[in-house]
Amino acid sequence: MPDYTVTHLNQIESEAIFVLRETAAQFERPVLLFSGGKDSIVMTHLARKAFWPARIPFPLLHIDTGHNFRETIEYRDALVKELGANLIVGSVQKAIDEGRVVEEKGLNASRNALQIQTLLDALEEGQYDAALGGGRRDEEKARAKERFFSHRDEFGQWDPKNQRPELWNIFNGRMSPGEHFRVFPLSNWTEMDVWQYLKREGVDLPSLYFAHEREIVVRNGAILAVSEFVQPREGEALEKRQIRFRTMGDATITGAVESDASNMDMIIEEVAAARETERGNRADDKRSESAMEDRKKQGYF
Amino acid sequence: MSEESSGAVGGYLDMDLLRFTTAGSVDDGKSTLIGRLLYDSKAIFEDQLEAIEKTSEQRGDENVNLALLTDGLRAEREQGITIDVAYRYFATPRRKFIIADTPGHIQYTRNMVTGASTANLAIVLVDARKGVIEQTSRHSFIANLLRIQHVVIAVNKMDLVDWGEDRFNEINEEFRKFASRLGNIVDVTFIPISALKGDNVVEKSENMPWYQGPSLLYHLETVYIGSDGNHVSARFPVQWVIRPHSDQYHDFRGYAGRIAGGVFKPGDDVIVQPSGFEAKVKAIHTMDGELEEAFAPLSIAMTLDREIDISRGDMIVKGNNPSEVGQDIEAMICWFSDKPLNGRGKFALRHTTKETKAIVKEVKYKVDINTLHKIEDDRELRLNDIGRISLRTASPLSYDSYKTNRNSGSFILVDLFTNETVGAAMIV
Ligand SMILES: Nc1nc2c(ncn2[C@@H]2O[C@H](COP(=O)(O)OP(=O)(O)OP(=O)(O)O)[C@@H](O)[C@H]2O)c(=O)[nH]1
Ligand SMILES: [Mg+2]
């Protein structure tokens, strides 16, 4: 008898493509949230596969905190050009300038919370009814609870205690005016799956993911890259270390790890040996035990 | 890179996938078991462990509360119960696992059904002190209805019954008696465990030398699931039509979708349902190149040898083995809404990639979960009830019985006003 086994990586690839196509079909105006991180890079790669040989039938939306690594923006612009995609930028800086949000004060201020409002504004402005995100359930315990098609009320809020049942592979994207959906095609992927897949598919990544020497400061236990947004404070020593990033986010809060992993195989070995989750270095998750759930309820990615 | 680790990477690409779900009554230890499985198989990161150690200590728990690894919502932690499914992942060199840890509380049955609907295997937990109780029966019945073909009965909290072999055997008997009236389960395995202490979860227990079988993890790693899929009746629900409008692919018209059963090859004679038009498969496309054959559950795009009007919701099937086409459907349904279904009702129906309206014409009977008897004198389906209905759809469906195909044999009903998913149905 012929062997019809499908490897797990091909199964989750097919599942993600299925979800991307469902999103294109069920919604009028979907948009793909693009952060420049590896998950959104996998997402664009999958979107390309899902609709090939046609172009991706929805725009990319980048919520820009204004605190970007230069490498992220360069990568983003090159990718958008190659895809022939339409890029929309929702700017936190602009939201601050226009007084729609107020910058946090204090030493540990971050623009994380401000991203939520900027995102909701951008969705409303573009009248987007579905936002595709690269969130994975293995990232965090509140995410572990989320559906592929995650319903948001007219305030953009998630109601974790009252999610729609999601049966088999039948996704219910029906909604009332003003509501929208967040859709997570990578729900069932792990960090290891993402790396293995990027390697298998030969996808290029921003250089920040690979080990390089950089000036850093250690702040609240996290290694932060020195940049125009992060400068040593009193008592903090400027150091040079060999580092890389496991996730890509706002430059003021995304911690790096010390590493010699300078290619895909080395990163995969490092991920396999890691004893901490990739978000373990993110100051935004450390604020309280249910920090992620609270932010998600309000409309975070 | 060393040879050893390059071997491991090759292995990773070859691994297969087992999706399993937990089931059983409140507090039988489902979440604790999953926590234990993750912990003992070293799938827990240090920061996750530190976080739950801290919380357990704050709450004054005697042991580290492993259920906190999956009970991720604030309300769940406050109440010490699971409310919604948590999905967790781990891999051993043999397999990757997707776990759905589901709630035991009857109020959240719909979330249990959500977790179970995509599973190949269910672990039904039974508290060794309590034995088979109503929720055990309900969940076993649902697992059976969803045609989860592999079931593990994990008799838990063996530490509280002195690791007794007699008690274990008693519960096996109880369950077998109940299960003999369920039809579909292919394979049942009984394992005595203590999720709290770790006995027979990853390592074999020293407290129960009388038990000769495998540990739970060993069973999960080795259970054979290769023959579960349907590779006979070829089904391809069209999800999206790809029209590139580019010079290079000017005339390309690809039907995109995920194969829902069987095998397709270029040259195959196919029928497009419900229209009944016939054609041949011209090619099977992916961005990585054309395929010689494609089978479930792969996502592909298909071109046909002639121009036919095909759109989302149509189903391409092989000519030698077509599906049923019709508007009058009989199904078993799990009801998820506070608003009862009595007599007639109009809904949106979603079946594969098709949406149409449907009128429920009759509730034929309900099922008594404990006795598995039909209830015919009360035909109102209330929250968490299971029963048989007949309905008529506004446009024809191309369908199979759930027994022959999980994809083309299932549908959901959606409330036209609230847009809530109110029922999960399996075509008889
Ligand atoms: N003594 C003993 N206690 C256990 C064992 N397994 C679980 N428990 C305890 O039983 C209680 C309930 O465990 P949970 O894992 O939350 O139960 P559950 O089945 O997930 O409950 P729901 O998800 O709410 O349906 C907790 O206090 C556990 O510590 C066991 O093997 N032995
Ligand atoms: Mg639980």
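Author: What follows takes the terms one by one. This is a predicted model, where local features need pLDDT of at least 70, side-chain atom pairs count only at pLDDT 80 or more, and totals for chains, interfaces and linings use all residues. Residues are numbered from 1 along each chain as its sequence is written, chains are lettered from A and ligands numbered from 1 in the order in which they are written, and side-chain values use heavy atoms, with hydrogens and water left out.

Reader: How do you know that the length of helix α1 of chain A agrees with what it should be?

Author: Helices here are DSSP runs of H or I with at least four residues, strands are runs of E with at least two, and both are numbered from the N terminus. The expected span is 1.5 Å times one less than the number of residues. Helix α1 of chain A covers residues 8-26, which is 19 residues, so it should span 27 Å. Its end C-alpha atoms are 27 Å apart, which agrees.

Reader: What makes B:V152 buried?

Author: Buried means under 20% relative accessible area, exposed means over 50%, and partly exposed lies in between (1.4 Å probe, protein chains only). B:V152 has 0%, so it is buried. This residue lies in strand β5 (residues 150-156) of chain B. Contact means heavy atoms within 4.5 Å. Not counting residues up to four places away in sequence, B:V152 touches B:L121, B:I123, B:I191 and B:H219, among others.

Reader: Why is B:T393 called buried?

Author: Its relative accessible area is 2%, so B:T393 is buried. It is found in strand β23 (residues 386-399) of chain B. Its side chain reaches the backbone oxygen of B:S395 at 2.8 Å.

Reader: Why is the pair B:K366 and B:D378 called a salt bridge?

Author: A salt bridge is a side-chain nitrogen of Lys or Arg within 4 Å of a carboxyl oxygen of Asp or Glu. The closest N and O atoms of B:K366 and B:D378 are 3.2 Å apart, so the pair meets that rule. B:K366 lies in strand β20 (residues 354-367) and B:D378 in the loop between β21 (374-375) and β22 (380-381), so the pair ties together parts 12 residues apart in sequence.

Reader: Which of the two, B:K366 or B:D378, is buried and which is partly exposed?

Author: B:K366 is buried, at 4%. B:D378 is partly exposed, at 26%.

Reader: What makes A:D138 partly exposed?

Author: Its relative accessibility is 23%, so A:D138 counts as partly exposed. A:D138 meets A:R136 in a salt bridge at 2.5 Å, N to O. A:R136 is buried, at 1%.

Reader: How do you know that chain A and chain B share an interface with salt bridges?

Author: The rule finds 7 salt bridges across it. A:D193 forms a salt bridge with B:K96, with the closest N and O atoms 2.2 Å apart. The largest share of the side of chain A that touches chain B, 13 residues, comes from α1(A). Contacts join 72 residues of chain A to 87 residues of chain B. The area buried between the chains is about 7,100 Å². Buried area is the accessible area (1.4 Å probe) that two parts lose on being put together, summed over both.

Note on methods
A polar contact is a pair of N or O atoms within 3.5 Å; within protein, one must be able to donate a hydrogen and the other to accept it, and residues adjacent in sequence count only if both atoms are side-chain atoms.
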